[in-house]
Amino acid sequence: MLPTKAYAAPAANIPLEPFQFERREVGPHDVQIEILFCGVCHSDLHQVRDEWGGSIFPMVPGHEIVGRVVKVGEHVRLFKPGDLAGVGCMVDSCRTCPSCREGLEQYCEVGFVGTYNGRELKSGAPTYGGYSNHIVVAEAFTLRVPDTLPLAGVAPLLCAGITTFSPLRQWKVGEGHRVGVMGLGGLGHMAVKLAVAMGAEVTVLSTSPNKEADAKALGAHKFVVTRDAEQLKRVNNYFDFIINTVSAPLDMSLYVNLLRRDGTMILLGVPPEAPQLHAFNLIAKRRRIAGSLIGGIEETQEMLDFCARHNIVSDVEVIPINYINEAYERMLKSDVKYRFVIDMATL
Ligand code: NAP
Ligand code: ZN
Ligand code: ZN
């Protein structure tokens with residue numbers, strides 16, 4: 001077994017603290033990665049506070065992992081020691097159901113194995129994530145990381161990047177589309193960069209007036225303060241798509257009305273409570289509400305290659321690991337520009 005250093009939440013709502021555990025030895029199909037950077041996703045916070053239910057403790061969060069390969073199993077073909085590698089939200093799935101065979105492991109009919117707060121398929125052992133010094137992952141769930149991009153900014157691509165890339169691709173968003181991005185946080189700022197790169201007209205829909213200059217610098221064409229009724233009225237019936245990344249409960253009717261006829265709101269954010277919506281808000285303009293969960297492994301690789309071609313990374317604030325509890329508090333106040341990334345050398 002491999003002794004591992006980490007930070008963990010001992011139980012719900014208790015601050016994270018140093019933690020030690022053992023990872024499995026590198027199997028014939030496994031890659032061992034020394035973790036260099038790990039992004040901090042709002043899902044980490046939802047889960048350490050058990051806001052979705054069923055959290056497993058102690059919990060080592062972290063599913064935006066980049067690092068360097070230090071060891072590979074004898075059957076590993078695509079990686080060798082010294083290579084850069086990444087791990088996102090999944091470390092395994094059944095690999096045989098129709099979704100897995102279509103490269104949509106995130107919709108695995110048996111349920112994918114989360115990088116943390118999950119259980120390994122055979123042993124049932126809990127999985128521990130990237131707030132740690134190394135990880136052992138099946139080659140099939142390991143991503144190749146381009147060496148042309150700054151590494152700390154690549155880490156958030158493994159969740160925030162793929163989670164926004166996947167629906168933009170699924171709905172074929174591009175030139176001629178008006179896209180609204182609700183919430184300028186980790187997911188939101190990636191949605192802006194990616195949708196702009198795909199040729200769409202992008203408007204940020206934000207509760208934070210002080211983010212306007214940043215939104216424009218990220219490439220957004222327009223900025224709307226959603227707490228200002230006048231500004232909101234100007235974009236009524238306007239958008240073809242709204243990417244909703246908001247992590248807190250909100251008045252859905254208000255935002256659905258911003259969609260034009262046949263427009264689609266794609267839900268990415270997972271507030272603890274279910275939203276309310278009157279049917280008329282959809283019926284009156286044949287509007288749709290859709291959802292999307294991260295992205296498959298093949299699509300994640302496609303996204304990383306797309307970002308390398310377009311020189312896209314996340315805008316990050318690099319933090320030491322002992323700042324993590326404060327980072328969570330700032331995240332709750334929407335005070336993140338635009339993703340915290342832990343420098344794992346500080347562990
Ligand atoms: P984040 O960095 O904290 O960003 C969320 C943003 O939502 C905030 O920056 C803020 O933007 C806005 N917001 C916060 N509270 C709000 C409120 N009360 N009313 C309106 N807007 C509010 O979070 P994230 O990491 O991007 O994650 C966002 C959500 O997506 C989380 O719920 C997370 O669990 C979920 N998620 C889903 C998937 C998936 O596969 N579907 C994957 C990853 C994460 P403004 O300041 O601009 O208003
Ligand atoms: Zn995430
Ligand atoms: Zn499956």
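Donors here are N, O and S atoms within 2.8 Å of the metal (3.2 Å for Na, K and Ca), and water is not among the atoms, so sites may look incomplete.

Cys-97 sits in the loop between strand E6 (90–92) and helix H2 (98–101), while Cys-108 is in the loop between H2 and strand E7 (113–114), so to speak eleven residues down the chain. Helices (H or I, at least four residues) and strands (E, at least two) are DSSP runs, numbered from the N terminus.

## What you are looking at

This is a predicted model, where local features need pLDDT of at least 70 and side-chain atom pairs count only at pLDDT 80 or more, while totals for chains, interfaces and linings use all residues. Residues are numbered from 1 along each chain as its sequence is written, chains are lettered from A and ligands numbered from 1 in the order in which they are written, and side-chain values use heavy atoms, leaving out hydrogens and water.

## The other zinc

What coordinates the zinc ion (ligand 2)? Cys-41 (SG), His-63 (NE2) and Cys-159 (SG) do, at 2.0 to 2.2 Å. Their spacing in sequence reads C-x21-H-x95-C. His-63 belongs to the loop between helix H1 (42–48) and strand E4 (65–72), and Cys-159 to the loop between helix H3 (151–154) and H4, so this pair ties together parts 96 residues apart in sequence.

## A parallel sheet

Now for the strands. Six of them make an open sheet, in the order E12-E11-E10-E13-E14-E15, with parallel pairing; two strands pair if DSSP finds at least two bridges between them. At the edges are strand E12 (222–225) and strand E15 (288–291), each pairing on one side only. From one strand to the next, the twist averages 20 degrees.

Helix H5 (residues 186–197) packs on this sheet and touches strand E10 (178–182), strand E11 (201–206) and E13, with its direction at about 165 degrees to that of E11. Contact means heavy atoms within 4.5 Å, and axes are lines fitted to C-alpha atoms (for helices over the stretch in contact), with angles from 0 to 180 degrees between N-to-C directions.

Five bridges join strand E13 (residues 239–244) to strand E14 (residues 259–267). Take Ile-243: its bridge partner in E14 is Ile-266.

Helix H4 (residues 160–170) packs against helix H10 (residues 297–310) at about 100 degrees, their axes 10 Å apart. Among the residues of H4 that meet H10 are Phe-165 and Arg-169, and on the H10 side the list includes Glu-299 and Phe-306.

Two peptide bonds are worth a look. Phe-57 to Pro-58 is cis, with omega near -5 degrees, and Pro-58 lies in the loop between H1 and E4. Lys-337 and Tyr-338 are also joined by a cis bond, with omega about -20 degrees; Tyr-338 is in the loop between helix H11 (324–332) and strand E17 (339–343).

Then there's Asn-311, which is not a glycine but has a positive phi of about 55 degrees. Look for Asn-311 in the loop between H10 and strand E16 (316–319).
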